[in-house]
Amino acid sequence: LLDSAAESNEAEENDDLEHSKGDAPPVFMMPDGLSYFHVKRNGLIFGCSTARNVSPTTVIDLLSTIAKVFKDYCGTLSEEAMRKNFILLYELLDEMLDYGYPQVTQTENLKAFIYNEPIVVEPVVNTSSMVNPKTASANAVHKPVISSVNVNGRKTSKSDKNEIFVDILERLNILFSNNGYILNSTIDGCIQMKSYLAGNPELRLALNEDLIVGRNNGGQYGAVVVDDINFNACVNLSEFDHARTLSFVPPDGEFIVLNYRMTGEFKTPFRIFPSIEEVEPKKIEISVLIRAEMPANHFGANVSVEMPLPKCTASAASNVIHSPGHGPSQAEFIRTSGKIVWNIKKFPGGSEQTMRAKVTLKHPCTTQIRREIGPINMNFEIPMYNVSQLQVRYLRIAEAMPGYTPYRWVRYVTQSSSYVCRV
C-alpha cells in the first residue's frame with residue numbers, strides 16, 4: 001500500500017515569507033510520479049509516499065494514528081523524545097506496518113510485541129505564555145503507557161497513583177458579518193481521556209440528563225441539543241438512551257470517548273465589531289472592538305487577533321484601549337506578513353477592548369484596496385469553560401473495590417478553530 005513508511009522530520013523551520021506561499025497541502029503529487037502525504041503534530045511532520053492510487057483519508061488517518069501511538073509510548077511528542085527513543089519508535093513502526101500495509105495500530109495490542117523501554121524526556125513547557133499553568137489540558141499528561149527509564153537509565157514507575165484525566169474539548173467555528181451578526185456557527189467537541197488506573201476497571205460516565213441528540217427531536221427550553229454524536233468502539237451504550245450514561249473499559253493511552261457536533265444558535269464567547277473610515281484619500285482609520293460575553297469568572301487566554309492590510313500599505317500605527325484587569329496587550333503592524341497582529345495575554349469575561357489603527361497608503365484608497373482589508377481572524381483558549389453546556393455529571397468505577405481510591409481530573413477547554421469576522 002505504502003512505498004515508504006511514515007517518518008518524522010525535525011521541527012518545522014520558519015517559512016521564508018517572501019518565497020513561501022504557505023504550508024504544503026496534506027496530500028500532493030510531485031513530478032517524480034509519487035503521491036506524498038503528511039500531518040503535523042507538535043511541530044513534527046509525519047509523512048509517507050506511495051506510487052499507487054490509495055485512499056488519502058486512510059493514509060492521513062494512519063499517520064495520525066502513528067503520531068498518537070508514538071506519544072502514548074514516549075509520553076510526550078517532541079524532537080528530543082523521538083531522538084532518545086529512536087530504537088523504540090523503529091520497533092513500533094516495524095510492528096504497525098508490513099511492506100507498507102497497516103497491521104497492528106492499537107496501543108494496547110502493540111504491548112505484546114514491544115520489548116524496548118522508553119526513555120522519559122521532560123516536556124518543554126513555556127510557562128511564560130501560560131496565564132494559569134494549572135488549567136493545562138489533559139494532553140499535558142506526559143507518562144508512557146509502559147514501564148520506562150529516565151535519561152540516566154534508572155527505572156521509573158508507570159504511575160504513582162491511580163489517576164484518570166478527562167478533557168471536554170470544544171473547537172469553535174464562527175463567522176461574523178461586518179456589523180457583528182453571526183452568519184455561521186458550529187461547535188466540534190470531544191471528550192478525551194487518558195487512564196492510569198491499575199487493573200483497567202470498568203468506568204461509568206454520566207452526561208447531562210436533558211441531553212438531546214438530533215436537532216429535530218425537540219426538548220425542553222435550556223436543554224443541551226447536539227446535532228450528532230459518535231462513540232468509541234469500546235463504549236457500551238445500553239444505558240445511554242434512558243439515563244445518558246456510558247460504560248466502558250478504558251484502553252491504554254490517550255483516546256477519544258466520543259465526538260459531537262452542534263450547530264445553530266449558541267452564545268459566542270467573543271463578539272467582534274470592526275469599522276473602517278476613510279479620513280483622507282491615502283489615509284484610513286480602522287477600529288476593532290472585541291467584547292467578551294462569557295461570565296466574569298472566566299477569561300480568554302493567549303488571545304491573538306490578526307487583520308490583513310492592503311498590499312500598498314506604507315505604514316500603520318496602532319494603539320489599544322482596554323479596561324483595568326487585563327493582562328499585557330499590544331498591537332503592531334508586521335510588514336513582512338502585511339498584517340496587524342494584536343496579542344492579549346488575558347481577556348476577562350464581561351469586559352471589552354478596542355484597537356485603533358491609522359493606516360497610510362501608497363496610493364489613493366479605492367474599492368479594490370478596501371477589499372484587501374481583512375478578514376479578522378481570532379485565536380484563543382478559554383480554560384474551564386464550554387459553550388455547549390455539555391457536562392460530565394459523574395465519572396466513577398462501575399463496581400466498588402475496597403481500598404481502591406482513584407483520582408479524577410476533569411477539565412473543560414474551549415478553543416478557536418476558525419473565528420473570523422468580515423470587514
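This is a predicted model: local features need pLDDT of at least 70, side-chain atom pairs count only at pLDDT 80 or more; totals for chains, interfaces and linings use all residues.
## Helix 1

Let's start with helix 1, which covers residues 56-74: its 19 residues at 1.5 Å a residue should span 27 Å, and the end C-alpha atoms are 27 Å apart, which agrees. The expected span here is 1.5 Å times one less than the number of residues in the helix. Helices (H or I, at least four residues) and strands (E, at least two) are DSSP runs, numbered from the N terminus.

Quite a few side chains of helix 1 are tucked away: Val59, Leu62, Leu63, Thr65, Ile66, Ala67, Val69, Phe70, Lys71, Asp72, Tyr73 and Cys74 are buried. Buried means under 20% relative accessible area, exposed means over 50%, and partly exposed is in between (1.4 Å probe, protein chains only).

Residues are numbered from 1 along each chain as its sequence is written, and side-chain values use heavy atoms, with hydrogens and water left out.

Now for an open sheet of 4 strands, which has the order 18-19-24-21 and antiparallel pairing. At its edges sit strand 18 (270-280) and strand 21 (313-322), each pairing on one side only. On average, neighbouring strands of this sheet are turned by 15 degrees against each other, direction ignored. For that angle, axes are lines fitted to C-alpha atoms (for helices, over the stretch in contact), and angles run from 0 to 180 degrees between N-to-C directions.

Two strands pair if DSSP finds at least two bridges between them. Strand 21 and strand 24 (residues 352-361) run antiparallel and are joined by 9 bridges. If you want a spot to look at, Ser315 stands opposite Thr360 in strand 24.

## Cysteines

How many disulfides does the structure hold? The count is 0, taking a disulfide as a pair of cysteine sulfur atoms within 2.5 Å. In general, a disulfide is a covalent bond between the sulfur atoms of two cysteines.

As for individual cysteines, Cys48 is buried because its relative accessible area is 5%. Cys190 also counts as buried, at 5% relative accessibility.

## Salt bridges

Searching the whole structure turns up 13 salt bridges. The cut-off is a side-chain nitrogen of Lys or Arg within 4 Å of a carboxyl oxygen of Asp or Glu. One of them brings together the side chains of Arg83 and Glu79, at 2.7 Å from N to O. Both residues lie in helix 2 (residues 79-84), 4 residues apart, about one turn of the helix. An α-helix has 3.6 residues a turn, so residues three or four places apart point the same way. Glu79 counts as partly exposed, with 27% relative accessibility.

Asp228 and Arg261 meet through their side chains in a salt bridge of 2.8 Å, N to O. This pair links distant parts of the chain, with Asp228 in strand 14 (residues 228-231) and Arg261 in strand 17 (residues 254-263), 33 residues apart. Asp228 is partly exposed at 31% relative accessible area, and Arg261 is partly exposed at 33%. Then there's Glu293 with Arg271, whose closest N and O atoms are 3.9 Å apart. Glu293 sits in the loop between strand 19 (283-292) and strand 20 (299-308) and Arg271 in strand 18, so the pair ties together parts that are 22 residues apart in sequence. Glu293 is partly exposed, with a relative accessible area of 22%, whereas Arg271 is buried, at 18%.

Most residues other than glycine have a negative phi, and most peptide bonds are trans. Where does the backbone have a cis peptide bond? One joins Gly374 and Pro375, with omega about 0 degrees. Pro375 is in the loop between helix 6 (367-371) and strand 25 (376-383).

Arg244 has a positive phi, near 55 degrees, though it isn't a glycine. You'll find Arg244 in the loop between helix 5 (240-243) and strand 16 (245-248), and at 12% relative accessibility Arg244 counts as buried. Asn302 is another non-glycine residue with a positive phi, near 50 degrees. Asn302 lies in strand 20 and counts as partly exposed, at 39% relative accessibility.
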